[in-house]
Amino acid sequence: MQVTKLDDMFKGWFVGNFEPTVYNTGQCEVAVKYYQAGDKESAHYHKVATEITVIVSGKVCMGGTVYSAGDIVTIAPGETTDFAALEDTVTTVVKLPCVANDKYIVDGN
């Protein structure tokens with residue numbers, strides 16, 4: 001049995017085709033992300049990957065819609081979303097497939 005700390009991973013990403021990782025694969029990326037109320041991410045999209053975000057706890061606004069614990073948001077390739085933590089929040093994010101440099105920031109946001 002191998003034990004690794006989430007804090008040792010890059011921004012919560014622990015599965016994917018990058019280092020450090022717990023499980024190296026090109027099939028998907030997986031992260032557990034912690035946000036404080038007020039944290040934001042700029043509007044972006046992926047050309048290839050589908051991104052699935054599970055709101056584990058807290059409340060967020062993505063693409064103008066509010067989501068809370070238990071909601072699962074699936075963002076298809078080409079769809080744009082932003083992110084704002086309305087409360088302290090924990091998410092689990094799955095992106096598939098794992099594609100390097102597939103995050104495109106939308107100008108002006």
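## Strand pairing

Two strands count as paired if DSSP finds at least two bridges between them. In this predicted model, β4 and β7 run antiparallel and are joined by four bridges. Within that pairing, T53 has V73 of β7 as its bridge partner.

Strand β4, which spans residues 50–57, also pairs with strand β9, residues 89–96. The sense is again antiparallel, and the pairing extends over seven bridges. Here V54 stands opposite T92 in β9. In a regular strand, side chains alternate between the two faces of the sheet.

## Nonpolar core

The largest nonpolar core comprises eight residues: Y35, I55, V60, M62, V73, I75, F83 and A85. At least two residues of this core come from each of β5 (59–62), β7 (72–75) and β8 (81–85).

Beyond its neighbours within four places in sequence, F83 contacts Y35, V60 and M62, among others. The contacts of F83 also include D39, K40, E41, C61 and T91.

## The buried aspartate D102

D102 is located in the loop between β9 and β10 (104–105). Although buried, D102 has no salt bridge. The nearest side chain of opposite charge is that of K95, 6.5 Å away; a salt bridge would require the charged atoms to lie within 4 Å.

The side chain of D102 instead reaches backbone nitrogens: that of K47 at 2.9 Å, and that of A49, which lies 2.9 Å from a polar atom of the D102 side chain. Not counting residues up to four places away in sequence, D102 touches Y45, H46, K47, V48 and A49.

Key. Residues numbered from 1 in each chain as written. Predicted model: local features only at pLDDT ≥ 70, side-chain atom pairs only at ≥ 80, totals over all residues. Heavy atoms only, no water. Core = buried A, V, L, I, M, F, W, Y, C linked by side-chain atoms within 4.5 Å. Buried < 20%, exposed > 50% of the residue type's maximum accessible area, 1.4 Å probe, protein only. Contact = heavy atoms within 4.5 Å. Lys, Arg positive; Asp, Glu negative; His and termini not counted. Polar contact = N/O pair within 3.5 Å; in protein donor to acceptor, adjacent residues only side chain to side chain.
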